[in-house]
Amino acid sequence: MNRKGKSGRMTLPLLGMITFLLFSLVSGTLGPVAEAAGTTYYVDSSLGSDSSSGTSEITAWKTLSKVNSVTFGPGDRVLLKAGEVWSNQYLDFLGSGTEGSPITVDRYGTGSKPVIHFGNTSVNGEGFGIRLRNVSYWEINNLEITSGQQATDMRRSGVLVVGEGTGAGNFRHIYIKNLNIHDVFGTDRRTGGINIYARGANTAPESTWDGILIENNTIVNVADTGIQTMTDAFSNSAWTHKFDAFRNVVIRGNDVEQIHRDGILVRASVSPLIEYNTTRSIGEACNVDTSVVSYLDHIAVVAAQWAYYTTGAVFQYNEASDTRKLEGDGQPWDFDVEVRGSIYQYNYSHDNQGGTLLVMNNTDNNIFRYNISQNDLDGNGAFNLISGGGNLYVYNNVIYRSGTQNQALTHASNTGMAYYSNNIFYNGASGQYTNSPRMTYDHNSFYGLNSSVPSDPYKIVGDPKFVSPNTATGLNSADGYKLASSSPLINTGVAIATNGGLDYFHNTLYNGVPDIGAFEFQGTVAQPITLFQDNFEDNDYSGWTTSGGTWSVADDGTKGLSQSLASGEALAYAGDASWRDYTYSARLKLLTATGNVGLVFRYADASNYYMFRLNDALDKVELYKKTAGTLTMVSSAAVAVLPGQWTDVSVAVNGNIITAFVGGVQLIQWTDTAVQPAGGKIGIRMHTSAARIDDVKVIQ
């Protein structure tokens, strides 16, 4: 995908498009809006003169004060000379463009970006490098803005777009692109790098914006917030736009670093698109001389890229690292208060102190999918769901931990439901999992240092077989989390109806049966090798060796190997002693009430093997290990054992990990830390019981 060449915006709804076309036909404005010619003005801090016309390079203006005295109109351009510096000056623009004819601010000439160093200047006690107050249709490009460290305690912003007072209203088309904003320090959360702000108290008129593009800017060492949309509607009962003050917002391709509070924050927005941004070092991370800048707010909680009172937000292809846990929070991603119907997808996070995802109260129907978290820390656990949240859908993510994280990898709220599906939890640390009536697990992978795993009936606990985990160095270098062709997670997930259509790596969904994790495998899947199978339909069991019991091929609608003597030990085995890692499946029918029958595997000899058996006397499945003739039960689980009925049973052995299933549901997973039979044959065993076996299959 082109990193910054697609906006990803939705087209107008059908009804709105029809209305627009009808209005255009009636008014005679169907077709492109005519572009005003406008005037180009030049500004040169070294050779310019404010007494000149400003309309050519040789008659350029000198100061920004001169620019601020002019009311600009549609199609006008204000160009600052490259390589020049304007110290203790700022731009405070007047006038508006029109649709198709915005007012443009840019640079001319060659060299570095023009620098606006607004220092300790202010207007009504507020400092800024550029202000757009109560105006529409402006495009600001290719400038450098800073204030430097100032001792005066005041609000400061690199770019302040504000609607307030007389002239406040409904504004459109504000584009801010390719700016370098750094070392700007404000005194509260209504300040920062780029600040779009609906300001006003009591009965002051309310402002809204439609069409905001903040793209390819670099914002470093800024207080309070890197990029934000802000409204006073939350503290003003007379204002109505608490959820929709900002429409058609795109925040794309920005680098935000060393921020005192939050990295990128959208408030009161409808369907904002936040993509291809990078944040790092968020939360009391400014580099300042505290003897000069002594007034920065005390900060309790931060997040890197998040929304508040917003519907339909999409955060995608973003990267976040080193978000700090101060007194709480500290996550890269956050569905905050009153965020609904929003999505985080295709994002990469690492080394964030608070975990991976925060979900606040009064949220609902949000989706977290196809994201990769590499070694996020766990100040609040990997997922932190606050009380009062609604439904949350978490699927096809990779949560990789290899450090010292010891808090829960999953969480639930006390309201709503959390649905975890198709996720890979690679737990190289010691964190565990949450079970709650307010959460479900479905087809997840749990691998690593798990003393227990959640109640997921279709879980997979073996090695996911990543190509090269823990090697990602950025959003676009996470190929190590693709699955190798031998991965047990390929074609073993559950389909999600509205899955977004792509995986993390831009592959189309699905390639056959869904895969587990953030990668949909695209190559040729390695087919399992069948080592052995026998359905006894040939009325022959000559490949089996028996010990004890009375054996024959019996037919009760299907032929199977039957042992009919209900006393003593009876054992039959087949296969090859060299078999090591394999999956052994069969159907078992217990013929003796309160009896037992089990699969024998890694059978070295009569004194050394494993067995997974059905025990009707206790209604349990039991995993045994026999070493040097001593049979020891090492794990068990409750299950309804049904004598006289066929039951599908299987075991998978992978190194020292044994996983056992009944009816396709995993009931036992056990790791043998002692010396074990490293390989061996397969078989069936029972004691004081009669039973049958059929449809035997061993695959590798």
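Reply: Asn 596 stands opposite Asn 615 in β46. The strands that meet here are β45 (residues 596-605) and β46 (residues 608-615), which run antiparallel and are joined by 7 bridges; strands are DSSP runs of E with at least two residues, and helices are runs of H or I with at least four, numbered from the N terminus. Two strands count as paired if DSSP finds at least two bridges between them.

This is a predicted model, in which local features need pLDDT of at least 70 and side-chain atom pairs count only at pLDDT 80 or more, while totals for chains, interfaces and linings use all residues. Residues are numbered from 1 along each chain as its sequence is written, and side-chain values use heavy atoms, with hydrogens and water left out.

Arg 613 forms a salt bridge with Glu 622, and their closest N and O atoms are 2.8 Å apart; the term requires a side-chain nitrogen of Lys or Arg within 4 Å of a carboxyl oxygen of Asp or Glu. Arg 613 is buried at 12% relative accessibility, and Glu 622 is likewise buried, at 2%, where buried means under 20% relative accessible area, exposed over 50% and partly exposed in between, with a 1.4 Å probe and protein chains only.

By the same rule, the count for the structure comes to 27 salt bridges. One of them joins Arg 199 to Glu 164, with 2.8 Å between the closest N and O atoms. This pair links distant parts of the chain, 35 residues apart, since Arg 199 is in the loop between β13 (192-198) and β14 (208-215), and Glu 164 in the loop between β10 (155-163) and β11 (170-177). Arg 199, at 13% relative accessibility, counts as buried, and so does Glu 164, at 14%. Arg 172 and Asp 210 form a salt bridge with their closest N and O atoms 3.3 Å apart; because Arg 172 lies in strand β11 and Asp 210 in strand β14, the pair ties together parts that are 38 residues apart in sequence. Here Arg 172 is partly exposed at 39%, and Asp 210 is partly exposed at 22%.

The strands β10 and β13 belong to an open sheet of 10 strands with parallel pairing, in the order β4-β7-β10-β13-β16-β19-β23-β26-β29-β32. Here β4 (91-93) and β32 (383-385) stand at the edges, each with a single partner strand, so one side of each is left without a neighbour in the sheet. On average, neighbouring strands of this sheet are turned by 25 degrees against each other, direction ignored. Between β10 and β13 there are 6 bridges in the parallel sense, and Val 161 stands opposite Ile 196 in β13.

The structure holds 44 aromatic pairs, which means rings of Phe, Tyr and Trp (its six-membered ring) with centres within 6.5 Å, planes under 30 degrees apart counting as stacked, over 60 as edge-to-face and the rest as tilted. Phe 425 is buried at 0% relative accessibility, and Tyr 433 is buried at 14%. Both are members of one aromatic cluster, which also includes Trp 333 and Phe 446.

Two backbone details complete the picture. The peptide bond from Ala 223 to Asp 224 is cis, with omega near 25 degrees, and Asp 224 is placed in the loop between β15 (218-223) and β16 (225-231). Asn 178, a residue other than glycine, has a positive phi near 60 degrees; this residue lies in the loop between β11 and β12 (180-185) and is partly exposed, with a relative accessible area of 24%.

How values were computed
Axes are lines fitted to C-alpha atoms, for helices over the stretch in contact, and angles run from 0 to 180 degrees between N-to-C directions.
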